[in-house]
Structure formats: structure tokens, C-alpha cells
Amino acid sequence: MEITKNYEGDKLAFCQYLKYAQDTQKHFYITSADDACYGKLALGMEEIQPVTASGEAGKDFGVFKTQMPNRLLYKDLPLLPKGTIRYVEYAPAVSCDFNPDLLLFVCTTEESDSLVYEVGETYKDDIIHFS
């Protein structure tokens, strides 16, 4: 399978790359410079910046009326230690030709229940749940 660094187009947010890989079935990788959002913070690719920690970042999206909810969002965001991850490789699981460190499944609650039931006993110590 051929790996391409990126695709023709604008930068995406971390979560949008997941959708892009799913929709196009393409295999590629990104660095923190390719991420247009804050996925790079959660992955430990970069340290959280003071403007983000203050809640100022994101206020312009209009999701919250004040910066306090934004601040709480980043305060409670699970973060990997800086330097943990330098690259994120995306590939559809059915055509994955490498041994991934992490598989991320995008699915409904019902599908996730089936998935956890099927693989849960084998990988029970490695499954991370975010709620």
C-alpha cells in the first residue's frame, strides 16, 4: 500500500482526518503541523498553550457564551505526555498493512457494544473507554 503524506486540500482537524480516511479509503500520515485543531494536544504532539488553557481559544466558535466552559473543556481533556506521538498514520483497518499501536473504531453505541463483546476478553487490559 502506498503511503502519501497528505492529500490535495486544506489542513483538517484530527477528527476530520478520521472521516477522510474512512470516506476515501486512503492511507496517509500527519504530523502536528498538519493538524488544524487540538488533536495534537491530546496526543502529546504539542504542549497546551496559555491561550488554550485560559479558554480563550474556541470562544470564537460560538459554542459557549463565555470562555469558562472552553477552559473547563481543556482542563479535563485527557492528554498524553508531550513527545509521546510524533506522527499519526491513517489507514482503513481492512487494508492496514502495518501493526498499529492503536486502533480507533468509529461506530454507534450498539456497534461498540458488539465490538467490546467480541474482542473485549482478549484485549480487556488494552481497551480505553472515553465517556
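A disulfide here is a pair of cysteine sulfur atoms within 2.5 Å, and a search of the whole structure turns up zero disulfides. C37 is likewise in no disulfide, its nearest cysteine sulfur being that of C15 at 6.3 Å.

A word on the source: this is a predicted model, where local features need pLDDT of at least 70, side-chain atom pairs count only at pLDDT 80 or more, and totals for chains, interfaces and linings use all residues. Residues are numbered from 1 along each chain as its sequence is written, and side-chain values use heavy atoms, leaving out hydrogens and water.

How accessible are C15 and C37? Buried means under 20% relative accessible area, exposed over 50%, and partly exposed in between (1.4 Å probe, protein chains only).

| Residue | Relative accessible area | Class |
|---|---|---|
| C15 | 52% | exposed |
| C37 | 29% | partly exposed |

Now to the protein as a whole. Buried residues account for 22% of its 131 residues. Its accessible surface (Shrake-Rupley method, 1.4 Å probe) is about 9800 Å², and carbon and sulfur atoms hold 55% of that.

The protein has five helices and two strands, arranged along the sequence as α-β-α-α-α-β-α. These are DSSP runs: helices are H or I with at least four residues, strands E with at least two. Of the contacts (heavy atoms within 4.5 Å) between residues at least 6 apart in sequence, 58% join residues at least 24 apart.
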